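Grab a pencil and let's work through some salt bridges together. Each exercise comes with a solution you can follow step by step.

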Amino acid sequence: MTATIDLNADLGEGFGVWTLGDDDAMLDIVTSANVACGFHAGDPAGLLRVCRAAAERGVRIGAQVSYRDLAGFGRRFIDVEPAELTAEVVYQIGALSALAAAAGSKVSYVKPHGALYNSIADNEEQAAAVAQAVHAVDPDLPVLGLAGSAFFSIATQLGLRTVTEAFADRAYTAEGRLVSRREPGAVLHDPAEIADRVVAMVTTGIVTAIDGSAIPIHAESICVHGDSPGAVQIAGDVRLGLEAAGVRSAPFT
């Protein structure tokens with residue numbers, strides 16, 4: 001059984017006067033923060049505040065890179081030329097690295113967001129573009145993502161450390177992919193059910209797919225979404241459930 005597990009959440013996703021989620025409360029629970037980089041969400045002042053709050057708590061900061069899609073919150077596929085996508089990912093990592101440094105911390109890993117996360121599971125051109133961007137910035141930066149993805153295959157070829165994650169509140173297909181948010185049952189909402197599901201994932205390496213089949217799952221990090229209704233309670237229940245099962249929460253980096 002896994003003795004420790006990382007808990008990550010997407011944070012810094014407000015913009016201007018618009019806020020999304022309770023970043024401070026989530027930072028008291030998670031061990032890694034996937035901080036937006038301004039392309040799908042986040043403005044400089046807000047991102048600096050999140051980086052400072054993460055640094056104060058010893059929470060690791062990750063660059064949550066995405067398509068340039070503020071209007072769609074990064075949840076729409078964009079057919080970006082690979083060279084352009086590489087440059088955009090380099091730009092985002094660089095911007096967040098400066099903010100993290102100003103907060104007395106650093107970017108410790110990179111995690112793609114939303115539609116980019118899903119597309120590079122199978123789109124080899126875009127997967128290579130993202131992996132090459134991370135490698136160009138710092139070949140020692142780990143990447144957080146989906147096991148068995150094209151992104152991980154290419155990242156491994158480049159010598160990047162790949163860190164597999166599982167999602168606490170998202171349904172899986174029988175193939176081990178995330179069920180599209182457009183499909184019914186794609187997002188789970190009951191905190192107790194989610195906590196029990198995560199404990200089972202971590203302690204048994206099995207998750208029940210949306211069709212009822214049992215599929216293997218291995219994760220070094222569990223994502224608890226910061227923007228879901230009841231996100232703080234869900235994250236808290238997940239952490240307490242893991243601790244009760246003898247699994248300690250700790251950063252993977």
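**Exercise 1.** Find out whether Lys-111 is buried or exposed, and which side chain Lys-111 meets in a salt bridge.

*Solution.* Step 1: Lys-111 has a relative accessible area of 3%, so we call Lys-111 buried (under 20% relative accessible area; exposed is over 50%, partly exposed in between, using a 1.4 Å probe and protein chains only). Keep in mind that this is a predicted model, where local features need pLDDT of at least 70, side-chain atom pairs count only at pLDDT 80 or more, and totals for chains, interfaces and linings use all residues. Residues are numbered from 1 along each chain as its sequence is written, and side-chain values use heavy atoms, leaving out hydrogens and water.

Step 1: The partner is Asp-10, at 3.8 Å from N to O.

**Exercise 2.** Work out how exposed the two partners Arg-177 and Asp-122 are.

*Solution.* Step 1: Their side chains form a salt bridge, 3.0 Å from N to O. Step 2: Arg-177 is partly exposed at 23%, while Asp-122 is exposed at 54%.

**Exercise 3.** Which residue forms a salt bridge with Glu-220?

*Solution.* Step 1: It's Arg-161, with the closest N and O atoms 3.5 Å apart. Step 2: Glu-220 is partly exposed at 28%, and Arg-161 is partly exposed at 36%. Step 3: Elsewhere, salt bridges with shared partners join Asp-10, Lys-111 and Glu-165 into one network.

Note on methods. A salt bridge is a side-chain nitrogen of Lys or Arg within 4 Å of a carboxyl oxygen of Asp or Glu.
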